[in-house]
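Morning, everyone. Let me take you through one model, starting with the interface. Here it is.

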Amino acid sequence: MEKGKMNFMELNFAARSENEGFARIAVAAFLSRLPLNLDEMEEIKTVVSEAVTNAIIHGYEEDEQGAVMISTFYDQYAVEIVIEDHGIGIADVEEARQPLFTTKPELERSGMGFTIMENFMDVMEITTEIGRGTRIRMVKNLVKNEMLCN
Amino acid sequence: MSLRVDMEAIGDILIVRLDGELDHHTSEVLRSQMEGQINDTDVRHVLLSLKNLHFMDSSGLGVILGRYKQITARGGDMIVCSINPVIYRLFELSGLFKIIKVKDSEEEALHILGVA
């Protein structure tokens, strides 16, 4: 994204489950001026919820001392959302990306988080390091509809 | 940002109506309330109405699948009704529609379960 033409905001909050709702509403509120339809806005809220929940349950293993960071950027072409934790990291990213794979079946986790993020966004990248944390970068393009009209 | 869980029994069917948002935070409440109701009563089938559910993520899929397993282990069935388009796609992606029946309305679902 070109500096000067983009808008951004950053959030830093405790890894507590009651903040999941706050996180997705805050991102949606920041993006409310963009030409996103209701379903697209719901998709963005869903992927924010997935990534924040992963940070809380898997990154910090529900240790509420941890912090989750969200950076959101947009310009006229796209929305970019980066969600980071300084938790335990992911040992096997390819395995974690598989639909229905979960390391915590006893918590009734569905194993669908990364699959949903991939499907609801145009780009989804995972950067992770054991003992250092995980960073999820997601992009949703805004120009699809305009290009179809032209 | 909360979830209201309304439960009503009609015969051996437990109707569970969700109002609000179902995520990791609220899924624990739903899990414990439904688990208790299914274990403590002679409920055979579950009808889950999502008509007033405004938000759901994969934590919701997990708790719904958990209750599906619980009710089918007792020889019962689960039907989900009134799903909005974005939540519908979550069900589709997870393959949950292969095992859980879906109906447009509570009336249709009750009809399938042999009531009304």
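**The A–B interface**

Between chain A and chain B, 12 residue pairs are in polar contact, both residues at pLDDT 80 or more. A polar contact is a pair of N or O atoms within 3.5 Å; within protein, one must be able to donate a hydrogen and the other to accept it, and residues adjacent in sequence count only if both atoms are side-chain atoms. Helix 2 of chain A gives the most to the side touching chain B: 10 residues. Helices here are DSSP runs (H or I, at least four residues), strands likewise (E, at least two), numbered from the N terminus.

Ground rules. This is a predicted model: local features need pLDDT of at least 70, side-chain atom pairs count only at pLDDT 80 or more, and totals for chains, interfaces and linings use all residues. Residues are numbered from 1 along each chain as its sequence is written, chains are lettered from A and ligands numbered from 1 in the order written, and side-chain values use heavy atoms, with hydrogens and water left out.

How many salt bridges cross the interface of chain A and chain B? Five, by the rule: a side-chain nitrogen of Lys or Arg within 4 Å of a carboxyl oxygen of Asp or Glu. A:Arg24 forms a salt bridge with B:Glu21, closest N and O atoms 2.6 Å apart.

Now the sheet. Chain A has an open sheet of five strands, order 1-2-3-5-4, antiparallel. Pairing takes at least two DSSP bridges between two strands. Strand 3 (78-85) and strand 5 (133-141) of chain A pair over eight bridges. A:Glu80 has A:Val139 in strand 5 as its bridge partner.
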